[in-house]
Amino acid sequence: MKRDCDTAIKPQRESLASRYAGRTVVAIGAHPDDLEIGIGGTLAKLQKAGAHVVMVVASVPKDFEVRMAEARLGAKILGCELRLLIDDGPRRIEDLKTCDLVGLLDGVINDYQPAVLLTHSSADFHNDHLLIYNACLPTQRLAHFDFFSYHPTNCRPVPIAFHPKAYVDVTDTIDAKMHAITAHKSQFGGRGLDTEMYREFAHVQGRMIGVPYAEGLDVVRMVLA
Ligand SMILES: [Zn+2]
């Protein structure tokens, strides 16, 4: 049977939200603003659908009080709980031994027993992001949660080879995402940087699945019952 784009079968757009409704979602970003940029729309969507969403910020390298205030505001806009992983003041992730970083992340998994973990990807270009991704990988030994990676995050456009395997329709939460990104004034407005590229990028991702806005994810592990 002939089928054109307009009449093609549409994805079941609520499937991701319903998958984690009533369950705990843990999202991990190396720094304040990574989660808002990478998956702000997805986190807001999951929270609206009834998931308990925990935004874990691994470290604050400098300007601790300012960036923590921005992180709290970003999490509040998205309706998520905020947890700081290395919480003893300004720290760089590379200051920790890998085993200590994995130990902290193990603690997050044990505390929250998440149904899904979302974090940076192996395609990222920022060493702190790669350190977090690599330290998250061994936490999969603790429980059988789903594991997704989000698009490399950056304040300025950089060419990156990232190939999503799954897409989340964030049309209903794109405004919350944009609002949460602009909460990080020290990173954008304070440096004269524009945030509209994130809306434009979500629009391009949306075209992949026939919706106005989407966020792409790579699938590291997904348990299909
Ligand atoms: Zn970062």
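The charged end of R221 sits over the ring of F145, at 5.2 Å from the ring centre, where a charge counts as over a ring if NZ of Lys or CZ of Arg is within 6 Å of the ring centre and within 35 degrees of the ring normal. This is a predicted model, in which local features need pLDDT of at least 70 and side-chain atom pairs count only at pLDDT 80 or more, while totals for chains, interfaces and linings use all residues. Residues are numbered from 1 along each chain as its sequence is written, and side-chain values use heavy atoms, with hydrogens and water left out.

**Aromatic pairs**

- The structure holds two aromatic pairs, a pair being rings of Phe, Tyr or Trp (its six-membered ring) with centres within 6.5 Å, called stacked if the planes are under 30 degrees apart, edge-to-face if over 60, and tilted for the rest.
- The ring centres of Y133 and F147 lie 6.4 Å apart with their planes at 75°, so this pair is edge-to-face.
- Because Y133 belongs to helix α5 and F147 to strand β5 (residues 146-150), the pair ties together parts that are 14 residues apart in sequence; helices (H or I, at least four residues) and strands (E, at least two) are DSSP runs, numbered from the N terminus.
- Both Y133 and F147 are buried, where buried means under 20% relative accessible area, exposed over 50%, and partly exposed in between (1.4 Å probe, protein chains only).
- F188 and Y198 also form an edge-to-face pair, with 5.9 Å from centre to centre and 85° between the planes.
- This pair links distant parts of the chain, ten residues apart, since F188 is in the loop between α6 (174-182) and α7 (196-207) and Y198 is in helix α7.
- F188 is buried with a relative accessible area of 2%, and Y198 counts as buried at 7% relative accessibility.

**Largest pocket**

- The largest pocket holds about 410 Å³ of space, where a pocket, on a 1 Å grid over the protein atoms alone, is an open set of points where a 1.4 Å probe fits, with protein on both sides within 12 Å along at least five of seven lines, and lining residues have an atom within 4 Å of a point.
- Among the 20 residues that line the largest pocket, H31, H126, C155, Q187 and R191 are the closest to its centre.
- Helices α2 (34-48) and α5 (127-136) each supply at least two residues of this lining.
- By class, the lining has five nonpolar, seven polar and eight charged residues.

**Cysteines**

- The structure holds zero disulfides, a disulfide being a pair of cysteine sulfur atoms within 2.5 Å.
- For C99, which is in no disulfide, the nearest cysteine sulfur is that of C136, 15 Å away, and C99 counts as exposed at 54% relative accessibility.
- For C155, also in no disulfide, the nearest cysteine sulfur is that of C80, 20 Å away, and C155 counts as buried at 18% relative accessibility.

**Positive phi angles**

- Most residues other than glycine have a negative phi.
- D33, although not a glycine, has a positive phi of about 95°; D33 is placed in the loop between β1 (24-29) and α2 and counts as buried at 6% relative accessibility.
- Q113, although not a glycine, has a positive phi of about 45°; Q113 lies in the loop between α4 (98-112) and β4 (116-119) and is exposed, with a relative accessible area of 53%.

How values were computed: Grid points are joined across faces, edges and corners, and a volume is the space filled by probe spheres set on the points. Ala, Val, Leu, Ile, Met, Phe, Trp, Tyr, Cys and Pro count as nonpolar, Asp, Glu, Lys and Arg as charged, and the others, Gly among them, as polar.
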